[in-house]
Each structure stands twice: as structure tokens, then as C-alpha cells.
Amino acid sequence: MRHSLRGSASLVLTVLVINLVALTVLPPSAAAATAATPPAAGDVGPTYAIRNCRIVPVAGPAIEKGAIIVRDGLIESLGPVEKTNIPDDAEIVEAEGLVAYPGLISAFSNLFLEQPARAAAGPGAPSEAPTQARTQEPEEDRFPPGPGLFVLDQLKPKKPTVESFHKAGFTTVLTAPARGIFEGQSVLLNLNGEPLRPMVIRNGAALHINFTTERGGYPSSLMGTIAHIRQSFMDAGYYADRQAQYAKGPAGLKRTEYDPRLEALVPFVRDRKPVVFQCNNVEDVKRALKIIAEFKLNAMLAGANEAWRAADVLKKSPVPLLVALDFRPPASSLYATQGEEARKKAEAEIYPANAANLAKEGIGFALVSGSNGDGAAFLKAVRAAIKAGLAEEDALKALTVQPARYLGVDKSLGTIEAGKIANIVLVKGGIFDDKAQVARVFVDGVLFKYAEVSK
Amino acid sequence: MRNAALPRFAVFALIAAAGLLPVFADGGDILIKNATILTVTKGVIPKGDILVVDGIIKEIGGTIAAPPGVRVVDAAGRFVLPGIIDSHTHIALAGTNEGSEAITPEADVGTVVNADDTAILTALSGGVTMVHTMHGSANPIGGPNVVLKTKWGRPSEDLVVKEALPTLKFALGENVKQSGRTVQPGQTQRYPATRMGANAIIRREFAKARNYMAQWDRYDQAAKAKNPPRTLVPPRKDLRLEVLAEVLRGERVARVHSYQATETLEFMELAKEFGFKIQCFEHIWEGYKIADEMAAAGIGISVFADSWAYKMEAAEGIAGMAGYCHNRGVLVSINSDSGERIRRLFNDAAKTMKYGGLSEEEALKLVTINPAIQLGVDRIVGSLEAGKQGDIAIFSEHPMSAYTRCDMTIIEGDVYFDREALVKEREQAEAEAAKKAAAPRDKGGVS
């Protein structure tokens, strides 16, 4: 062994800092070529040789005793250990007894989001009761925060959260906003440390929509919300058409008044940028599908913990599902309105089988952490879904290749393959075993050490 | 108080079945024998059979032989009637009012159907097979309503009755002017605050809708030209005005929550002015004052049998209202407006015999064929006739008797409610629970 296992995240960061310092003494011309946050010019990330582990690449069959070469943040090569050349400059990561998986991806989370999600309004106001008139609010506050919001601007990464997700095997999360109807746009992050910018894989990953109501104003009901969503997409399409017409020949045409809300929506109605609908019960799934069909959106459904109940319609109009493993029956569900005994029974026996039922029906899905900010708790929920009938292989795919495909990053993430981003977790035991322990995590080739590796 | 008296064990059975299909479904075929059949439109058959095949009533008459494999229900000594129809309720919805603004015809209750609402099961227990589930009365123009069958356990899309007449909820009076509400600091009083304001804002919206239609007509005309001008711009599509345009085109009818005679007459004038159709006034406790006007205009009413005077504008209600209006030629239905009263609409209809002088046959019409006509579905339901859908209720006594109860409710030949089976199930569940409770614990607890 040429190096000891000192190559931890902190060491890498130290190296980066040193390089940043070095950059300042470079001639101005070299620095001028770089962006606002200059990459450490001339710096190359470390090289690692992970060896003697079992490799589950997900892309193909497992390699029983293998080696993975990680260079400068990417996977350089992998194969059986005896056929792999360990480069001279590689730091050896001895991984005997460990299993290497692609870093898990949660394609929907609220990680690092400071602002707590607001509870949706409950159904069923009495028919004769006049509702409260809305309080007077400035116009621009009526649809906070709107489709133009980038959640990235609200995030505050915290080390314990990163560690909690690493320890559950996650290297990548999509973080979505959680307030309002048009909640804003999410960001796809690689959990490679604490500073936010190096984490960003894609900002504006998707537009997020929730079937909720607005504080004190219109819409104050679910049906109003649905109308508001439809009218907004209609208006955005109209806005885009008018702009196109104007661009073609402005003579004789009045220009369209600038509207930041509609402007932000245009790419989603015209250029098929992805839209994610939060679906809290079986009916939400159907409501979303109708809107998706009406506006021909490129959409996904998140939450979807009653998706199995909509299997028939989902088979007719397939749409990627981001299934949050929240087993609590939604408030409107018949499983929740029949007393505590029935509700508990449903939570313990019926809802955990959602994913298994979807798999049985041949409906594709990714498993996502959703609002669950605790990695261990989420992994526990995955185990519950497996106990309820979900095949481990399907669970693994639903946390790796499937979300990578849904998010359009399957060429760089989701499997252990040469050329892909070095997001790898090394686990003592199978990743879904009750006693699984994550020992090492690579994110963008940055090594994080957790449980001690027994030799 | 919704769901209080619910036979909850049916739900347990459904949970156990996991598939959520009705436990008692028979594939749309059923033969009911030896019953007193109240056809509503074709008289009473004192002792007869009724055969439903593929969800449609195939035959009604003396003795019908059971086709092979068809479930036979012996209803000797019992009464068979068309499934009861509730012309005005709010069950099976996720939210009732879009009350934030005065005019919200874009807020369609058809988009928020919740098939999990246990009030559906409550309705079935009272022989109800169809409901007009409506937007609330919080604002002058609420939203489109939806007609559902009470197919408990079926996915929501299976409940929707597509043949029904599209309707739009309007409301007048105390609710829309928010008379019972104290304006809190920081809040504004929503316009309108008076009855004249309600009339004015509705007129204004219809005038807007008329302009909107004209705009589209001009555009469509211009777009049809051989070489439409390059600068031709279509109007913005507005969901709110689209719905009002449907009303103005006669494709959608008005259902109007209204109590007082004066503003009701004013609304009728408004409808005449804009040329739209009022299908029904709802509740309309002063309807007896304007019965002839309503009858002449072909406007029906959907009302409570009793329980007036619960607010000022209901103060002048009279017990004989429904019967009186019926006798004056108004198409009357008795509604529940509730997820609880919905299970005893037959009792409410029977009250018109005492307080309106109606016959048994007439009273039964108020919850069967009359609401069917109001909803535009009398071609398919509302009476027991060959060719109509097999929506049937079986009662232990005549449905207008105070001693009657619903034993079985059938929709399109499938049994959705079976009292005997439910009672048996409940007894089994109770016995099991008792056995479980009596069994000694295998592990001693720590105190």
C-alpha cells in the first residue's frame, strides 16, 4: 500500500484549498479564462484503486472480486481484480468484504431546504358555510413563490444531513421546493461536500407543482387550484405564441406585456422541460394525468403513495413515478377514515406494498426520499417495501438507473461503468440488509470514510 | 356528523379484499323475484319479477325464469323501486367551495371527485344510486357540478354519469353576501355584500361572457378567410368565461341556490335577458309565492321536505311547500344537501303526503323520476322500465312507510349494498374481536 487510508474528504478539500491559493499567484491571463468560481487550474483530483470488493454495477452482472479505478472524479475502469492494472499513482482503497454499489439517487427530496413545507388544506368544507373572504394582500404575493423560483437559492447544506444520506448509500439527490402551487424549480445535487456550487449537477432540473391552496386568496380550494394550474399553462402557451408571432414580424402588432410568471412557464409548455406533480393520493394521480395530457407535458409524478390504486390508468398513460415511501394513508383515503385500527393496519400492511404492486403491474418507478430528511429512516422504509414484496433487484434499480434515466443523467450516473461519474458506495453486507453498514462513499471521486473496515 | 352511523365493517371487508372491487358485484346480471314493484312511471305490479342483464333492465313482469348463472334474489313481501336520486348534495368531493372570489365558474367539482368518501356507502344504505354533487353556495357563480352513481369501491372515473346535463351552480342571498360574517381587521368585505350586488355582478359576468363569445366569433370568422391577416391575434382563452359561454349557448343549465321570492324573480328576468336556462332553484323556501311563475318558465325546484327557518331568509318556509308547488305544476325533487340526510330521502319524500297532500306514488316521484328529469337522465334511470339502467332499491316495507328500511341497493345489476350480508359480516367481525380479546396473552407484560 502506497498510501494509508488518509485520503478522506477533508484531505481532498485541503488539497483544493492549497490549489486555490496557488491560483492567485498565477498570471492574470490564466485566471481570466475561468468562470466566477475558478476551478483549481492545473489541479487533478486524486486517483483511487478500490480493490477486492464485490461489485454490483447494476449495468451488468456482479463481479465477485473486483477493482474499480477512480481518476479525477470519474470511473476510469473496473473489472476482476486480477485483470485490472492498478495505476502507480493510485491510492489503494482496500475493500475486501465490502460490496460496491453505484451511489443511490433520490430523484425527489427536500434536502437542505430551510423553509418547512406547508400542510395542504383538508377537504370537505361544509356546503352552506360561507368561506372567509381573503385578507388583502399585495398582488405579487398571491402566488408565492412561483414557477420562476430556483430552490438552489434557498438551500443551506449541512454536514450531518450529507452524512446521514451518505450512510444510507445516497450520493445524489434532487432537491425540490415545497411551498405553493407552482413551487418553483428543483436542483440536482451530488453530495460531494458542503459547499453548494460544486454539488450542482443541474439547476432548474424540473418545475414542481403541488395540488394545494394559496394562503388567504385564490385559489382556496382544490378545484380552484386545478383551474389555476390549467389557466396558467394555457396563458403560458398563449404568451409564447404571441412572442413568436411578434418575433416573426412586429409590424402592426402590439408587443406582449412582460410577465415573469408566464415567461418562467414557457419552457415547460413549449420545450418539454420536465414538470413534477406532487400526488398525495390516488385521485391526485388522475388529476395530474389529465393536466399532463391536456398540455402535452413531459412530466413525472412524485409522492404517489397510492399509485397502485391507479394502476389501470397508469398503464394506459405511462408516466415516471417518483414513489416516496411514506406509508401513512392520506387523509382523504378510505383507509384513513375508518378509525384508528383500520388506519394502522393499512399503514403496516397495505401502503408498504405500493412499490411491489407497481412492479407486479409492470409500472416503472423510482424510489425517492421525499420530505424524509433522515437517510437511515428512508432506507428502513425501503426495507419495509422489500418485505412487502418488492424484489431487491427492483429496489436497487429504482434507486439507481431508473431515477438517472428519469432525470436524463443516465449517461453519467446510475451505474458503475467506465466513464461515468465516480459515485460509489462501499457497504458491509447487502445494501438492503438490516445490518448493512456503509463504510466508504465516493462522490465525484471524493472519498468519505464512515464505518471502520475490518481487515 | 357525516359517517357517524356508517356500517364500517363493509370497509373492513373491502380492505381485506384489497382489490377494492365491490364485494357483492354480480357482473351486471340479477333477477329479483316475487316483489311488489313500484315502477313509478308504469304503475305498481303487486307481485312480479324484474330481470337485469348486463346492467340494463331486460324484463319486468309476472314470472320470469332465471337465466343460467344469474343471481336470484327472493323479495317476497318486499318493495322494489328505482334507485333513489339526490338532486342536490355535496358528497364524494375534496372541497366544496371556491369561495375566495365572487365569480369562479372555472372551479369544477368534477375535477375533485373523491370516491373514497364513506358518505357514498351511507347513501347506498338509504337506497340512493345517483347524486348531483354540487359546488357550494359561497359565491354568486360557483362552479360546474357533477352527477355520480354511488358505486362504492369503484374508481372515481366509473362513478361519473356522462349522460347527465351539464350544470353550473349559482347562489343568491345570505351566503353570497356573507351576511353572517364579521370582517376581521386586515380583511376586506368581499363584493357583493347585498342582494342587488349579487344580481349586478352576475349580470356583469354574463355581459363579459357575451363579449368574449363575440371576440371569438370575430376571430374565427377572420381566421377562416383565405389569407388571414398576418397580424390576426386570437383572444386569450379564459376558463372562467368559457363556462359562462356554455351557459349562454344552452349547453349548460343553471342550478340556483335561492331562498327569497323577490331575488328569485329577478334572477329569472336575468336569465330571460341573456337567454340561458334555469333548470332548478335550490332550497327556495319562498317558492310557494312564485310557483306559477316557475311552472310557466319550466323551472324545477330541489328542496328540503322540512326544517325551514334555520336562517332569516328561510323564515317564511311552510311545511306544505313541496306538495303545493308540485300541485301547481312545478317539477319538484326532495334533496339531502347532506352526507347524512341522504340515507333517509324516502322518509323526507313521505312527509309531503302529510304536509302536501300527495299520494304515495306522487311522493315517490320526488326522489326518483323527478330528480332524474332535472338531471337530464330520465331516459336511463328514475323509473323501472325495460331498457333503463338496472338501478334498483329493495325496501322492507313501502318506501313511503315510516317503518320501512332499505335492504339492498343495486346499480346496473350489481349489488352495492346488502344489509343482511353486512350484518352477518359485522357479527363475524365482532365474534372474532371478542375471541381475540378473550385469548390469554402469550407474553406477560411488565407493569
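**Conventions**

I note that this is a predicted model, in which local features need pLDDT of at least 70 and side-chain atom pairs count only at pLDDT 80 or more, while totals for chains, interfaces and linings use all residues. Residues are numbered from 1 along each chain as its sequence is written, and chains are lettered from A and ligands numbered from 1 in the order in which they are written.

**Chain B, between the domains**

I then listed contacts (two residues are in contact if their C-beta atoms, placed from the backbone, lie within 7 Å), and 33 residues of domain 1 of chain B are in contact with 34 residues of domain 2 of chain B. For the elements I used DSSP runs numbered from the N terminus, with helices (H or I) of at least four residues and strands (E) of at least two. On the side of domain 1 of chain B that touches domain 2 of chain B, the elements giving two or more residues are helix H1 (9–17), strand S5 (79–82), strand S15 (392–395), strand S16 (406–411) and strand S17 (414–418) of chain B. That side of domain 1 of chain B divides into 21 nonpolar, nine polar and three charged residues, where Ala, Val, Leu, Ile, Met, Phe, Trp, Tyr, Cys and Pro count as nonpolar, Asp, Glu, Lys and Arg as charged, and the others, Gly among them, as polar.

**Chain A, confidence and make-up**

I checked pLDDT, the predictor's confidence in each residue from 0 to 100; chain A averages 87, and 83% of its residues score at least 70. Over residues 1–38 of chain A pLDDT stays under 50, and the model has 37 contacts beyond four places in sequence for them. Residues 116–143 of chain A also stay under 50, with 61 contacts beyond four places in sequence. Where pLDDT is low, the predicted coordinates should not be read in detail.

I counted 12 helices and 16 strands in chain A. Buried residues make up 47% of its 455 residues; a residue is buried if 20 or more other C-beta atoms lie within 10 Å of its own, exposed if 12 or fewer, and partly exposed in between, with C-beta atoms placed from the backbone.

**Chain A, between the domains**

For chain A the assignment gives domain 1 (1–28 + 40–102 + 415–455) and domain 2 (104–121 + 140–413). Here 21 residues of domain 1 of chain A are in contact with 20 residues of domain 2 of chain A, and the side of domain 1 that touches domain 2 divides into 16 nonpolar, two polar and three charged residues.

Leaving aside neighbours within four places in sequence, the contacts of Ala100(A) include Ile50(A), Cys53(A), Ile68(A), Ile416(A) and Leu426(A).

**Between the chains**

I found 40 residues of chain A in contact with 46 residues of chain B. H4(A) gives the largest share of the side of chain A that touches chain B, nine residues, and that side divides into 17 nonpolar, 17 polar and six charged residues.

**Backbone entries**

Most residues other than glycine have a negative phi, and most peptide bonds are trans. I recorded a cis peptide bond from Tyr218(A) to Pro219(A), with omega near -5°, and Pro219(A) has its place in the loop between strand S9 (200–210) and H4 of chain A. In chain B the peptide bond from Tyr191(B) to Pro192(B) is cis, with omega near 5°, and Pro192(B) is in the loop between helix H4 (174–177) and helix H5 (195–224) of chain B.

I also recorded Lys296(A), whose phi is near 50°, a positive value in a residue other than glycine. Lys296(A) lies in the loop between H6 and strand S11 (299–303) of chain A, and it counts as exposed because 12 other C-beta atoms lie within 10 Å.

How values were computed:
Domains from an automatic or database assignment.
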